Structures are given as C-alpha cells and as structure tokens.
Amino acid sequence: MGLTQTAERAALNKLVDYIDDDPAAHIDKIMDLVNKLVPDSVFPNQRKAFSDAIESRGNWYQLMMKVFDLNPEMRTKLLKALLIDGNLLAWPVQEKARDKYDCNIPWAILLDPTSACNLHCIGCWAAEYGYKQNLTFDEIDSIVTQGKALGTHMYIYTGGEPLVRKADLIKICEKHPDCMFLCFTNSTLIDEKFCQDMIRVGNFVPAISAEGNERTTDARRGEGVYFKIEQAMDLLSSHKLPFGISCCWTKDNADTVATEENIDWMIDKGALFSWYFHFMPVGRNATAELIPTPRQREKMYRFIREMREKKPIFTLDFQNDGEYVGGCIAGGRRYLHINAAGDVEPCVFIHYSNANIRDMSLLDALRSPIFMKYYEGQPFNNNHLKPCPMLENPETLPQMVAETGARSTDLVEKESPQQLAEKTRPAAEAWAPVADRLWEDEQSSLYEKRHGEVQGMAASDMKRFECTGHRGYSARETAMK
C-alpha cells in the first residue's frame with residue numbers, strides 16, 4: 001500500500017470512528033466527508049444512494065441504524081473491513097489492474113474450503129461431492145494474498161458446508177483483518193464459541209440458507225433443519241451479530257419465498273440482507289423440473305423491487321438484477337469461484353475451466369482461455385434480464401467451452417455443456433418474451449438507464465468495449481445480424 005493510499009485509509013478509518021461514536025448525530029455529515037476524500041469515479045451511484053437514503057429517513061436509513069446497533073465489540077472492525085478496505089480503497093486498485101492486465105479482476109472471490117457437508121439438500125450439487133476435497137489453510141491464505149495484490153478484499157465461502165472448517169476460516173480472518181469474509185452456511189454448526197470468534201475477529205458474516213417456511217425448508221433440506229436455522233438466528237441475534245439469508249428459489253418454493261410474510265420473518269429474526277439465487281440444474285442428476293416458471297420469475301422480479309422500497313433489509317436477486325450491473329458478473333468480471341479441488345471456475349454454477357490454483361497463479365487463471373472468453377464476450381445479451389451464458393443464452397456456454405478446450409470440473413459425474421444446454425433451453429425460450437417485455441417497458445423508471453450507453457458498466461467495461469468493439473449481443477443475435 002503506497003503512502004497516498006495509507007493516508008487515505010487512515011482518514012477514512014477516522015470517519016468510521018467518528019460516525020460510530022454517535023451514529024444518529026453524525027450520519028447526516030458522513031457522505032459529505034466521504035465525498036471529500038474519495039474520487040468521484042469510485043461508486044458514484046452507490047454513494048448517491050447512501051446520501052438519498054440518509055436524507056429520506058426511510059427503510060434504508062432504518063437498515064443503516066440497525067447496522068450501528070450491532071455488537072460494539074466487533075462493529076467498527078466490520079465497517080472498516082467492508083466499507084473502507086473492501087470497497088472504497090479496493091475498487092480503484094481493481095480498475096488499475098484491469099487496465100494493466102487487460103483481463104477481468106474480481107471484486108469478490110468465492111471459494112470452497114471443503115466439499116464436505118453435513119446435509120444433503122435437493123438441488124445442491126455439493127451434496128454429491130463427498131468429503132475428500134479440501135483447500136488447505138495455506139492454499140486459502142495464498143488465494144487471499146494473491147487477491148489482495150490485485151485489489152480484491154472480499155471473500156465468500158461456499159461448499160460443501162464451510163463451517164466444517166470454521167477453525168481455519170477464523171484464522172484466515174485473523175491473518176487478513178483488511179478483508180471481509182462472508183460464508184454461505186446451513187447454520188447447523190453455529191454455536192456459542194463461533195459467536196465469540198465472530199465478535200473477536202469482526203470481519204466474518206454468515207449468510208444462512210433458508211427457503212421460506214418450515215414445510216418448504218425441510219422438504220428440500222431435511223426434517224428439523226428449519227428448527228436448527230431458527231436456533232442459529234436466535235443465537236446470533238442474542239449477541240447482536242450480523243447475518244443474512246441465502247435463498248435458493250425453485251419452482252416448488254417460489255410462491256412461498258416471494259411473500260411479505262417471509263421477508264418480515266427474516267427481519268424479525270434480525271437478518272440484515274437476503275440474497276436470492278435462481279435454481280440452476282447443474283450436474284448430471286439435477287432436474288430441470290425445479291426451474292421456476294416465467295410467471296414465478298416475473299413475480300420475483302416485481303416482488304424484490306417492491307420490498308426494496310419499504311423494508312429495512314438489503315435484498316438481491318442475482319438472476320433478475322443483471323440490469324443494475326451490466327449483465328453477467330462471472331468470469332472474474334465481479335467474481336469467480338474456486339472449488340475444493342482448486343479448479344478456478346468462471347462461476348459457482350459453471351463447472352468448466354482451464355485453470356487450477358495449485359498449478360498457476362490467480363492472475364494466470366484470470367487470463368486463461370475460458371476467462372478471456374468471458375472478458376471478450378460480456379455482456380452475453382444486450383437485455384440484461386437475460387444475463388447468463390448458461391440459463392438464458394444456452395448456446396453460448398457450449399461455444400465458449402469448445403473454443404477454449406475447457407474441461408468439466410464437476411467433482412462427481414461429468415456433464416457436457418451440450419447436456420446442460422438441453423436442460424436450460426426450454427426455460428430460456430419461455431423466459432425470453434417476458435424478459436423482452438419487461439426490458440422494453442417505457443413506463444419503467446429504469447427504461448432510460450436500460451437503453452443508455454453505460455447500462456451498469458464500470459469505466460473498465462467501457463474501455464474494454466472500445467478495444468474489442470463488443471456491444472453485448474448473444475451468439476444467436478450476432479449470427480442473425
């Protein structure tokens with residue numbers, strides 16, 4: 001870290017101390033102070049959203065106040081790792097790396113510490129992986145160290161069940177206090193000692209997997225799991241510790257998940273965020289029958305946006321929110337995935353790769369053939385409600401795999417991209433007219449943004465377009481022109 005960034009970090013950390021000392025009295029001044037310290041090019045839209053939320057005193061302001069009501073023994077460390085090191089200071093470094101290396105540089109890295117899991121959830125490929133694959137402590141530490149050199153300070157654990165390795169994960173938090181660690185977990189291994197560890201390190205946040213009510217949760221994840229989830233939430237809340245919800249929504253649970261009652265349950269339990277993941281039929285044994293219908297997907301699209309307007313909880317719908325981030329964010333554009341065998345994959349749902357972290361550096365993996373295809377091809381569709389090269393553009397993934405010679409990284413039974421495309425093609429064709437209708441809705445407040453030049457892109461994205469001439473057509477659309 002250079003002298004300039006060191007001074008900037010010290011100043012921003014003082015701002016966190018200032019607001020944390022008396023949030024209600026100081027919050028109105030905080031964004032003016034941030035704007036004096038941080039260049040205008042760093043997260044301008046997000047900063048404006050924070051300013052508007054503070055001024056409105058609405059649901060987002062209520063959420064901010066809930067954050068400042070977290071356990072004071074860990075709250076300041078959390079805010080500094082998340083806001084300062086993980087975002088305000090990290091983004092300019094990432095942008096410089098994108099310019100220097102002419103490849104995608106991730107904002108976040110997802111990694112699987114282990115393939116082991118104590119549950120066997122329907123629709124989760126990790127349930128088939130067994131207990132043999134693990135990233136060692138030194139390998140995880142190396143990934144984080146290499147990532148920080150590129151400006152990446154956000155790390156998200158998936159699996160398997162990451163908390164099978166919770167002792168090592170806490171040690172990683174201790175070694176890298178300038179990073180933020182989030183963990184997708186089934187929550188059944190959260191106990192009193194783990195809560196005390198969370199308080200001590202301050203930079204670890206669980207995202208608890210939960211899908212609707214007791215009936216839908218236990219049906220997919222096993223009898224009694226819902227009860228254990230509530231126990232874990234109650235334990236975390238009793239210590240005023242931050243946590244959120246991770247929800248895989250399927251055809252079977254979509255109508256239960258997309259209810260205000262479910263959102264209120266999360267809020268009452270103390271959740272600060274809820275992330276929704278569209279079911280993906282990944283793996284030879286996965287069925288396409290669980291893919292939500294177009295009606296359900298449109299309902300979720302509208303539901304999430306309604307909840308953002310009135311509920312004090314941060315909601316993300318990864319498949320339907322592509323319009324805010326310029327389409328697909330995988331392939332290292334904003335994130336990548338490293339499985340428990342060390343394979344560096346473009347996406348947690350795309351199990352094809354040319355790279356393994358045990359054989360090459362993180363940067364070399366980002367410049368490997370399939371990652372460069374992502375870099376050159378994103379966005380895969382000009383309609384960002386059809387962002388994915390697998391789910392909404394099923395011809396694109398097989399083409400990229402064929403052109404790059406990427407191999408299947410599935411840890412159980414290999415599935416060709418053609419086999420995967422056969423499962424997703426009917427859903428893509430059914431969703432396309434709905435997505436086009438939503439995208440072309442002139443009454444939408446997002447219409448001008450959707451059809452503008454930027455469309456959720458960063459400066460590095462726009463420079464990439466200038467170099468490649470790519471404007472985001474899917475393979476099928478390109479062939480028709």
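Predicted model: local features only at pLDDT ≥ 70, side-chain atom pairs only at ≥ 80, totals over all residues.
**Helices α7 and α8**

Helix α7 (residues 137-149) packs against helix α8 (residues 166-175). Their axes lie 10 Å apart, at an angle of about 35°. The crossing of α7 over α8 is right-handed. Both helices supply contact residues, as listed here.

| Helix | Residues in the contact |
|---|---|
| α7 | F137, I140, D141 and V144 |
| α8 | D168, L169, K171, I172 and K175 |

By class, five of these residues are nonpolar and four are charged. No polar residue takes part.

**Helix α5**

Does the length of α5 agree or disagree with its residue count? Helix α5 (residues 72-88) has 17 residues, and at 1.5 Å a residue it should span 24 Å. Its end C-alpha atoms are 22 Å apart, so the two values agree. The helix is kinked by about 30°, and the kink is centred on A81. A81 is also among the buried residues of α5. Others in that list include M74, L78, L79, I84 and L88.

**Loop residue G283**

G283 sits in the loop between β6 (273-278) and α14 (294-310). Is G283 buried or exposed? Its relative accessibility is 8%, so G283 counts as buried, the cut-off being under 20%. Leaving aside residues up to four places away in sequence, G283 touches D410, E415 and K423.

Notes:
Residues numbered from 1 in each chain as written. Heavy atoms only, no water. Axes fitted to C-alpha atoms, helices over the stretch in contact; angles between N-to-C directions. Helix = DSSP H or I, 4+ residues; strand = E, 2+ residues; numbered from the N terminus. Left-handed = near helix turned anticlockwise from the far one by under 90°. Contact = heavy atoms within 4.5 Å. Nonpolar A, V, L, I, M, F, W, Y, C, P; charged D, E, K, R; others polar. Expected span 1.5 Å × (residues − 1). Bend = angle between axes of the 7 residues up to and from the residue. Buried < 20%, exposed > 50% of the residue type's maximum accessible area, 1.4 Å probe, protein only.
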